[in-house]
Amino acid sequence: ISGTIPAEMSKLSQLKYVRLYNNIISGTIPSETGKLSQLTCLQLYNNNISGTVPPELSDLPLERCSLGGVNNFACPLPTLPDVCTLNSIYPPECNRDPAETPLPAVSSLVGPAHFTRLKTGACRTDNEGNFVDLWGKSYPECHDLCLYDIACAGFEHTAAGFLFDKASRCKLHRGTILSTLPVAGAVCFRKSLRVHVH
């Protein structure tokens, strides 16, 4: 499913469940979503959603709430219900102390680098045993680990709760990424150019 989340959805006053995870939805979460007074389940993880998470969501009677995965939300962090999964929806700088050394910028790299999101699923490479497996890493952490690793050809991120109820999983692949395999909760990214930091 592609497209955006319409603000008009707030007119569905009896709506209880929104399950749109593992798609290619873009745009932002409309602040009008906070008007869905009956909404108990909001699952939007692993899309291309950006912008800030509207604080109006804190007024909802949510019992299940998963917003993370590969969405590209921006700071600031709103106060949301405890049931919301926040482990991977914000860039690392949201929680950084301003006095700390800033994260390396992409401009400090040799040549351009970006990631191409492949079809939802696990990465299939030409060297299946050659990868680094990390648990408990957020999507932004996994992204940056691959970006600044000259040997990393791409990465795979799986949201928490999919693999034996463990934390989120980050796989940094050394082999060339060929395609994807159907695995629930996993998203595969291929790096366009191997780079190194000055």
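Student: How many aromatic pairs are counted here?
Tutor: The structure is a predicted model, and in it two rings are taken as a pair if their centres lie within 6.5 Å. By this rule, the number of aromatic pairs comes to four.

Student: What kind of pair do the rings of Tyr139 and Phe155 make?
Tutor: Planes under 30 degrees apart would count as stacked and planes over 60 degrees as edge-to-face, while the rest count as tilted. The centres of the rings of Tyr139 and Phe155 are 5.8 Å apart and their planes stand at 40 degrees, so this pair is tilted.

Student: How many residues apart in sequence are the parts that Tyr139 and Phe155 tie together?
Tutor: Tyr139 belongs to helix α1 and Phe155 to strand β12, so the pair ties together a helix and a strand. Both Tyr139 and Phe155 are buried. Along the sequence, the separation of the two parts, in residues, is 16.

Student: How far apart are the ring centres of Tyr139 and Phe189?
Tutor: The planes of these two rings stand at 40 degrees, so the pair of Tyr139 and Phe189 is tilted. The pair links distant parts of the chain, with Tyr139 in helix α1 and Phe189 in strand β15, 50 residues apart, and both Tyr139 and Phe189 are buried. From centre to centre, the rings of Tyr139 and Phe189 are separated by 5.7 Å.

Student: Which residues form the aromatic cluster?
Tutor: Tyr139 pairs with Phe155, their ring centres being 5.8 Å apart, and Tyr139 also pairs with Phe189, with the centres 5.7 Å apart. Both of these pairs fall within one aromatic cluster, whose members are Phe115, Tyr139, Phe155 and Phe189.

Student: Which strands are the edge strands of the five-stranded open sheet?
Tutor: The open sheet has the order β9-β15-β12-β13-β11, with antiparallel pairing. An edge strand in this sheet pairs on one side only, and this holds for the strands at residues 115-117 and 131-135, namely β9 and β11.

Student: Which residue is the bridge partner of Arg117 in β15?
Tutor: Strand β9 and strand β15, the latter at residues 186-191, pair in the antiparallel sense over three bridges. Within β15, Phe115 has Lys191 opposite it, whereas Arg117 has as its bridge partner Phe189.

Student: Which residue of β15 stands opposite His157?
Tutor: Strands β12 and β15 run antiparallel and are joined by five bridges. Five of the six residues of β15 are buried, so β15 is largely enclosed by the rest of the structure. Opposite His157, the residue in β15 is Val187.

Student: Which strands are included in what covers the buried residues of α1?
Tutor: The buried residues of helix α1 are Tyr139, Pro140, Cys142, Asp144, Cys146 and Leu147. What covers these buried residues includes β9, β12, β13 and β15.

Student: Is His173 buried or exposed?
Tutor: His173 is found in strand β13, and among the residues that His173 touches are Cys123, Phe131, Phe155 and Glu156. A residue counts as buried when its relative accessible area is under 20%. His173 has a relative accessibility of 1%, so His173 is buried.

Student: With the side chain of which residue does the side chain of His173 make a polar contact?
Tutor: Gly154, Phe155 and Glu156 are among the residues that His173 touches. The polar contact of the His173 side chain, at 3.4 Å, is made with the side chain of Glu156.

Student: Is Lys35 buried or exposed?
Tutor: Lys35 is found in the loop between β3 and β4, and its C-alpha is 8.5 Å from that of Leu57, which is 22 residues away in sequence. A residue counts as exposed when its relative accessible area is over 50%. Lys35 has a relative accessible area of 58%, so Lys35 is exposed.

Key: Residues are numbered from 1 along each chain as its sequence is written. This is a predicted model: local features need pLDDT of at least 70, side-chain atom pairs count only at pLDDT 80 or more; totals for chains, interfaces and linings use all residues. Side-chain values use heavy atoms; hydrogens and water are left out. Two strands pair if DSSP finds at least two bridges between them. Helices (H or I, at least four residues) and strands (E, at least two) are DSSP runs, numbered from the N terminus. Buried means under 20% relative accessible area, exposed over 50%, partly exposed in between (1.4 Å probe, protein chains only). A polar contact is a pair of N or O atoms within 3.5 Å; within protein, one must be able to donate a hydrogen and the other to accept it, and residues adjacent in sequence count only if both atoms are side-chain atoms. Contact means heavy atoms within 4.5 Å. Rings of Phe, Tyr and Trp (its six-membered ring) pair if their centres lie within 6.5 Å; planes under 30 degrees apart count as stacked, over 60 as edge-to-face and the rest as tilted. Lists of a residue's contacts leave out its neighbours within four places in sequence.
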